[in-house]
Amino acid sequence: MLMSAGIQTVFDSLGKVRLYNIWVSLILMLNLPIAYTFFKLGFPSHTIIIVGMCLELVSLNVRLVLLKKYVAFSIKEFYYDVIFRVFLPTIAVSTIIYFYCLLPLNGFVSAIGTFLLMIIIYPILIYNFSLEPVQKDLLSGMLSRLVKRKQKG
(Lines give C-alpha, C1' and ligand atoms only; values in the text may rest on other atoms or scores of the structure.)
Protein backbone atom coordinates (compact mmCIF):
# COMPACT_ATOMS: atom_id res chain seq x y z
CA MET A 1 0.00 0.00 0.00
CA LEU A 2 2.82 2.37 0.83
CA MET A 3 4.36 2.01 -2.61
CA SER A 4 1.16 3.12 -4.34
CA ALA A 5 0.19 5.98 -2.03
CA GLY A 6 0.43 8.73 -4.67
CA ILE A 7 -1.47 6.79 -7.31
CA GLN A 8 -4.82 7.42 -5.56
CA THR A 9 -4.17 11.17 -5.80
CA VAL A 10 -3.53 10.91 -9.54
CA PHE A 11 -6.86 9.15 -10.08
CA ASP A 12 -8.57 11.78 -7.92
CA SER A 13 -7.19 14.52 -10.14
CA LEU A 14 -8.11 12.63 -13.33
CA GLY A 15 -11.68 12.12 -12.14
CA LYS A 16 -11.34 8.34 -12.46
CA VAL A 17 -11.82 7.50 -8.78
CA ARG A 18 -14.76 5.21 -9.41
CA LEU A 19 -12.90 2.98 -11.87
CA TYR A 20 -9.83 2.91 -9.63
CA ASN A 21 -11.79 2.08 -6.47
CA ILE A 22 -13.84 -0.65 -8.15
CA TRP A 23 -10.76 -2.53 -9.35
CA VAL A 24 -8.70 -2.09 -6.22
CA SER A 25 -11.58 -2.89 -3.88
CA LEU A 26 -12.54 -6.03 -5.79
CA ILE A 27 -9.00 -7.35 -5.59
CA LEU A 28 -8.51 -6.49 -1.93
CA MET A 29 -11.89 -7.95 -0.95
CA LEU A 30 -10.70 -11.30 -2.28
CA ASN A 31 -8.47 -11.46 0.79
CA LEU A 32 -11.21 -12.85 3.02
CA PRO A 33 -12.49 -15.72 0.85
CA ILE A 34 -9.02 -16.78 -0.30
CA ALA A 35 -7.55 -16.62 3.21
CA TYR A 36 -10.58 -18.50 4.57
CA THR A 37 -10.11 -21.22 1.94
CA PHE A 38 -6.44 -21.64 2.83
CA PHE A 39 -7.29 -21.70 6.51
CA LYS A 40 -9.96 -24.36 5.96
CA LEU A 41 -7.49 -26.44 3.93
CA GLY A 42 -5.26 -26.62 6.99
CA PHE A 43 -2.63 -24.02 6.16
CA PRO A 44 -1.05 -22.20 9.13
CA SER A 45 -2.56 -18.92 10.27
CA HIS A 46 0.29 -16.79 8.92
CA THR A 47 -0.84 -17.82 5.42
CA ILE A 48 -3.55 -15.18 5.77
CA ILE A 49 -0.89 -12.47 5.91
CA ILE A 50 0.90 -13.93 2.89
CA VAL A 51 -2.38 -14.00 0.94
CA GLY A 52 -2.93 -10.34 1.84
CA MET A 53 0.57 -9.43 0.71
CA CYS A 54 0.13 -11.26 -2.60
CA LEU A 55 -3.21 -9.55 -3.24
CA GLU A 56 -1.60 -6.22 -2.43
CA LEU A 57 1.04 -6.90 -5.09
CA VAL A 58 -1.67 -7.83 -7.61
CA SER A 59 -3.50 -4.64 -6.65
CA LEU A 60 -0.33 -2.59 -7.15
CA ASN A 61 0.09 -4.01 -10.64
CA VAL A 62 -3.55 -3.28 -11.51
CA ARG A 63 -3.08 0.27 -10.23
CA LEU A 64 -0.01 0.67 -12.42
CA VAL A 65 -1.75 -0.70 -15.53
CA LEU A 66 -4.73 1.61 -14.93
CA LEU A 67 -2.38 4.55 -14.42
CA LYS A 68 -0.55 3.76 -17.66
CA LYS A 69 -3.88 4.05 -19.53
CA TYR A 70 -4.30 7.70 -18.51
CA VAL A 71 -0.81 9.07 -17.91
CA ALA A 72 2.49 8.82 -19.77
CA PHE A 73 4.07 6.43 -17.34
CA SER A 74 6.58 3.59 -17.42
CA ILE A 75 5.86 0.62 -15.17
CA LYS A 76 9.44 -0.57 -15.66
CA GLU A 77 10.82 2.75 -14.40
CA PHE A 78 8.42 2.65 -11.44
CA TYR A 79 9.68 -0.77 -10.43
CA TYR A 80 13.27 0.36 -10.78
CA ASP A 81 12.75 3.64 -8.90
CA VAL A 82 10.52 2.32 -6.14
CA ILE A 83 11.04 -1.40 -5.72
CA PHE A 84 14.69 -1.88 -6.66
CA ARG A 85 15.94 1.17 -4.80
CA VAL A 86 14.10 0.21 -1.63
CA PHE A 87 14.53 -3.54 -1.60
CA LEU A 88 18.17 -3.85 -2.67
CA PRO A 89 19.55 -2.28 0.53
CA THR A 90 16.96 -4.09 2.62
CA ILE A 91 17.80 -7.49 1.16
CA ALA A 92 21.54 -6.84 1.46
CA VAL A 93 21.31 -5.81 5.13
CA SER A 94 18.92 -8.66 5.94
CA THR A 95 21.33 -11.15 4.38
CA ILE A 96 24.30 -9.76 6.31
CA ILE A 97 22.36 -9.80 9.58
CA TYR A 98 21.09 -13.32 8.90
CA PHE A 99 24.62 -14.67 8.50
CA TYR A 100 25.80 -12.65 11.50
CA CYS A 101 23.08 -14.24 13.62
CA LEU A 102 24.32 -17.69 12.63
CA LEU A 103 27.52 -16.99 14.55
CA PRO A 104 27.58 -18.64 18.00
CA LEU A 105 27.29 -15.46 20.05
CA ASN A 106 25.62 -14.55 23.34
CA GLY A 107 22.07 -13.21 22.84
CA PHE A 108 22.97 -9.74 24.10
CA VAL A 109 26.15 -9.55 22.02
CA SER A 110 24.21 -10.74 18.97
CA ALA A 111 21.53 -8.07 19.52
CA ILE A 112 24.10 -5.29 19.90
CA GLY A 113 26.01 -6.50 16.83
CA THR A 114 22.82 -6.68 14.79
CA PHE A 115 21.89 -3.15 15.85
CA LEU A 116 25.35 -1.82 14.95
CA LEU A 117 25.34 -3.56 11.57
CA MET A 118 21.93 -2.10 10.86
CA ILE A 119 22.78 1.51 11.75
CA ILE A 120 26.14 1.42 9.95
CA ILE A 121 25.49 -0.57 6.78
CA TYR A 122 21.88 0.35 5.99
CA PRO A 123 22.44 4.14 5.67
CA ILE A 124 25.51 3.52 3.49
CA LEU A 125 23.56 1.25 1.16
CA ILE A 126 20.62 3.65 1.02
CA TYR A 127 22.97 6.52 0.21
CA ASN A 128 24.68 4.55 -2.57
CA PHE A 129 21.72 2.76 -4.14
CA SER A 130 18.52 4.59 -3.21
CA LEU A 131 19.29 8.29 -3.43
CA GLU A 132 19.56 10.28 -6.63
CA PRO A 133 22.49 12.70 -7.12
CA VAL A 134 20.39 15.73 -6.12
CA GLN A 135 19.32 13.99 -2.91
CA LYS A 136 22.92 12.99 -2.19
CA ASP A 137 24.06 16.61 -2.61
CA LEU A 138 21.28 17.83 -0.32
CA LEU A 139 22.17 15.27 2.35
CA SER A 140 25.89 16.05 2.07
CA GLY A 141 25.16 19.76 2.52
CA MET A 142 23.00 19.09 5.57
CA LEU A 143 25.68 16.87 7.12
CA SER A 144 28.43 19.47 6.51
CA ARG A 145 26.33 22.19 8.14
CA LEU A 146 25.70 19.88 11.10
CA VAL A 147 29.43 19.14 11.46
CA LYS A 148 30.30 22.86 11.25
CA ARG A 149 27.67 23.66 13.88
CA LYS A 150 29.09 20.98 16.21
CA GLN A 151 32.65 22.29 15.71
CA LYS A 152 31.60 25.84 16.64
CA GLY A 153 29.61 24.72 19.69
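These are my notebook entries on a predicted model of one protein chain.

**Entry 1: the overall build**

I began with the secondary structure. I found seven helices and zero strands in the chain. Reading from the N terminus, I wrote the order down as α-α-α-α-α-α-α.

Next I looked up the dimensions. The C-alpha trace spans about 55 × 45 × 25 Å along its principal axes. For the radius of gyration I noted 21 Å, whereas a compact globule of 153 residues would have a value near 15 Å.

I also wanted to know how much of the chain is covered. Of its 153 residues, 20% count as buried. The accessible surface comes to about 11,100 Å², and carbon and sulfur atoms account for 73% of that area.

One more number went on this page. Among contacts with a separation of 6 or more, 57% are between residues 24 or more positions apart.

**Entry 2: the largest nonpolar core**

Which residues touch the most other members of the largest nonpolar core? I found Ile7, Phe11, Tyr20 and Leu64, in a core of 13 residues. The elements giving two or more residues to this core are α1 (5-14), α2 (17-29) and α4 (47-70). Helix α4 provides the largest share, with seven residues.

I then followed Leu64 to its partners. Setting aside neighbours within four places in sequence, I listed Ile7, Phe73, Ile75, Phe78 and Tyr79 as its contacts.

My reading note for this page: in soluble globular proteins, nonpolar side chains tend to be buried together.

**Entry 3: a closer look at Leu67**

I stayed with helix α4, where Leu67 is found. Is Leu67 buried or exposed? I put it down as buried, because its relative accessibility is 6% and the cut-off for buried is under 20%.

With neighbours within four places left out, Leu67 is in contact with Ile7, Val10, Phe11 and Phe73.

**Entry 4: the salt bridges**

How many salt bridges does the structure hold? I counted two.

One joins Arg63 and Glu56, with the closest N and O atoms 3.1 Å apart.

I noted Arg85 as buried, with a relative accessible area of 14%. Glu132 went down as partly exposed, because its relative accessibility is 38% and that class runs between 20% and 50%.

**Entry 5: a nonpolar patch on the surface**

Last, I turned to the outside of the model. A nonpolar patch on the surface includes Leu103, Leu105, Phe108, Val109, Ile112 and Phe115. Leu116, Met118, Ile119, Ile120 and Ile124 belong to this patch as well. Together the patch residues have about 1,000 Å² of accessible area.

Where is the place of Ile119? I found it in helix α6 (residues 107-130). I marked Ile119 as partly exposed, with a relative accessible area of 43%.

How values were computed
Residues numbered from 1 in each chain as written. Predicted model: local features only at pLDDT ≥ 70, side-chain atom pairs only at ≥ 80, totals over all residues. Heavy atoms only, no water. Patch = residues over 30% accessible without salt bridge, like charges linked within 9 Å, V, L, I, M, F, W, Y side chains within 5 Å. Areas by Shrake-Rupley, 256 points an atom, 1.4 Å probe, with all protein chains shown as cover. Salt bridge = Lys/Arg side-chain N within 4 Å of Asp/Glu carboxyl O. Helix = DSSP H or I, 4+ residues; strand = E, 2+ residues; numbered from the N terminus. Buried < 20%, exposed > 50% of the residue type's maximum accessible area, 1.4 Å probe, protein only. Rg over C-alpha atoms; globule rule 2.2 N^0.38 Å. Contact = heavy atoms within 4.5 Å. Core = buried A, V, L, I, M, F, W, Y, C linked by side-chain atoms within 4.5 Å.
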